[in-house]
Amino acid sequence: MDWSNIESGWKAYKANAKQRWSKLSDDQVDATMGKREALSSRVQEAYSVSKEEAERQISAWQAKQAEKQGPAAKS
């Protein structure tokens, strides 16, 4: 799944993102507006992780979103 799908459908994904990164407030998750870089920055701040670790977590989360959507969403 391409990140643009997540960004354009952020309202559908943000609850799942909030569940994954529970240290982030609803407002922090909302404020990212689905922008990957903004989410990465918030994860780095909240969890005191490197940019590389935040990106790894986001990539893993993104892959799980694709699995939930089924094969059609992976293209």
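Figure 1. The view is taken from a predicted model, in which local features need pLDDT of at least 70 and side-chain atom pairs count only at pLDDT 80 or more, while totals for chains, interfaces and linings use all residues. Residues are numbered from 1 along each chain as its sequence is written, and side-chain values use heavy atoms, with hydrogens and water left out.

**Figure 2. The largest nonpolar core.** This core has 15 residues, of which I6, W10, W21, L39 and W61 touch the most other members. At least two residues of the core come from each of α1 (3-8), α2 (10-20), α4 (36-47) and α5 (51-69). The largest contribution, four residues, is that of α5. A nonpolar core is a set of buried Ala, Val, Leu, Ile, Met, Phe, Trp, Tyr and Cys residues joined through side-chain atoms within 4.5 Å. Buried means under 20% relative accessible area, exposed over 50%, and partly exposed in between, with a 1.4 Å probe and protein chains only. In soluble globular proteins, nonpolar side chains tend to be buried together.

**Figure 3. T32 in helix α3.** Helix α3 covers residues 26-32 and includes T32. Helices (H or I, at least four residues) and strands (E, at least two) are DSSP runs, numbered from the N terminus. T32 counts as buried because its relative accessibility is 1%. A polar atom of the T32 side chain lies 2.8 Å from the backbone oxygen of V29. Beyond four places in sequence, T32 is in contact with W10, A38, L39 and R42.

**Figure 4. R36 and its partners.** R36 belongs to helix α4. The side chains of R36 and E55 are joined by a polar contact of 2.9 Å. A polar contact is a pair of N or O atoms within 3.5 Å; within protein, one must be able to donate a hydrogen and the other to accept it, and residues adjacent in sequence count only if both atoms are side-chain atoms. Leaving out residues up to four places away in sequence, R36 touches W3, E55, I58, S59 and Q62.

**Figure 5. Two loop residues with positive phi.** M33 is located in the loop between α3 and α4. Its phi is near 50°, a positive value in a residue other than glycine. M33 counts as exposed because its relative accessibility is 56%. S48 is located in the loop between α4 and α5. S48 is not a glycine, yet its phi is positive, at about 50°. With a relative accessibility of 67%, S48 counts as exposed. Most residues other than glycine have a negative phi.

**Figure 6. The whole chain, for orientation.** The chain has five helices and zero strands. Of its 75 residues, 33% count as buried. The C-alpha trace spans about 35 × 25 × 20 Å along its principal axes. Among contacts between residues at least 6 apart in sequence, 48% join residues at least 24 apart. The average pLDDT of the chain is 92, and 92% of the residues score at least 70; pLDDT is the predictor's confidence in each residue, from 0 to 100. Among the elements, α4 has the highest mean pLDDT (98) and α5 the lowest (94).

Terms used. Contact means heavy atoms within 4.5 Å.
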